[in-house]
Amino acid sequence: FDYGKYLLISSSLGDSQPANLVGIWAAGLSTPWAGDYHLNVNMQMMYWAAESLNLPETTDPLPPFIKALSRSGATAAQCLYGAKGWVAHGFTDIWMGASPLGDTAWSLCVTCGAWMALHLWERFRFTRDTSFLGSEAIGVLAGAVEFFLDYTTEMRERGGSNATVLVTGPSHSPENSFQALPGAKCNHVTLSPSIDTALLHSLFTSFQDACVLLGCVTPSGTLPPSP
């Protein structure tokens, strides 16, 4: 436990880059997985305990990183999906690439950027710093919400109901696969994997709570500007 805290403190402080997949320890000029950032759970896991362990200074590199990612993610949203807002997928690096990188089995996680954005809300929940919420977090959350308002599609519910639901897709559950039929080839890409449903619920709920606290939703329902 203490060793884990040491690793985070040693690799994520102040004006440094956030901790990457292998931290700051590498034998030679190259590192496993290119020393990049895996947004499909690894990066989140490195910071999950930081606030609850009273190590907020280790999360200081995250807000500028996420904000920069959202800016490149706005280009990815427009070019890949013709959508507003911003999106990031399974992996990125110090150059903040937001498009899917590599095989879709690993990279096509459309909610991974939103997952990272939730760290900003998590920081506010511990600090209660409304100045940070208004200047650093709300615009990033708004951009993620705006993307999914464009990206999700209405589909009729199964079972003969006339009700419709909003679904994500194409998407996947990171590093997971399924068989449509017994003995069939494993698939990765699907519609509305459970991770998307869970993350979008958290994203929209957090954004709504932030807007209530800041009083930033206009009578017409206009979203705050993206970064």
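# Salt bridges and a buried aspartate

Modeller: Arginine 125 and glutamate 122 are both part of helix H5, where they stand three residues apart, about one turn of the helix. Helices here are DSSP runs of H or I with at least four residues, numbered from the N terminus. This is a predicted model, in which local features need pLDDT of at least 70 and side-chain atom pairs count only at pLDDT 80 or more, while totals for chains, interfaces and linings use all residues. Residues are numbered from 1 along each chain as its sequence is written, and side-chain values use heavy atoms, with hydrogens and water left out.

Biologist: What makes the meeting of the side chains of arginine 125 and glutamate 122 a salt bridge?

Modeller: The term asks for a side-chain nitrogen of Lys or Arg within 4 Å of a carboxyl oxygen of Asp or Glu. For arginine 125 and glutamate 122 the N to O value is 2.9 Å, and the pair therefore meets the cut-off.

Biologist: Is arginine 125 buried or exposed, or does it count as something in between?

Modeller: Buried is used for under 20% relative accessible area and exposed for over 50%, with partly exposed in between (1.4 Å probe, protein chains only). Arginine 125 has 45% relative accessibility and so counts as partly exposed, and glutamate 122, with a relative accessible area of 27%, is partly exposed as well.

Biologist: How many salt bridges does the structure hold?

Modeller: The structure holds four of them, and one of these is formed by arginine 123 with aspartate 60, whose closest N and O atoms are 2.7 Å apart.

Biologist: What makes this pair one that links distant parts of the chain?

Modeller: Arginine 123 is in helix H5, whereas aspartate 60 is in the loop between helix H2 (42-47) and H3, and the two are 63 residues apart.

Biologist: Why is arginine 123 called buried?

Modeller: Its relative accessibility is 17%, and because this falls under the limit for buried, arginine 123 is given that name.

Biologist: How do you know that the side chains of glutamate 136 and lysine 67 meet in a salt bridge?

Modeller: The N to O value for glutamate 136 and lysine 67 is 3.8 Å, which is within the cut-off, so the pair qualifies. Because glutamate 136 lies in helix H6 and lysine 67 in helix H3, the pair ties together parts that are 69 residues apart in sequence.

Biologist: What accessibility class do glutamate 136 and lysine 67 fall into?

Modeller: Glutamate 136 has a relative accessible area of 27% and is therefore partly exposed, and lysine 67, at 22% relative accessibility, also counts as partly exposed.

Biologist: Where is aspartate 196 found, and why is it called buried or exposed?

Modeller: Aspartate 196 is found in helix H7. Its relative accessible area is 1%, under the limit for buried, so aspartate 196 is called buried.

Biologist: Which residues is aspartate 196 in contact with, leaving aside its neighbours within four places in sequence?

Modeller: With those neighbours set aside, aspartate 196 is in contact (heavy atoms within 4.5 Å) with Val110, Thr111, Thr168 and Ser171.
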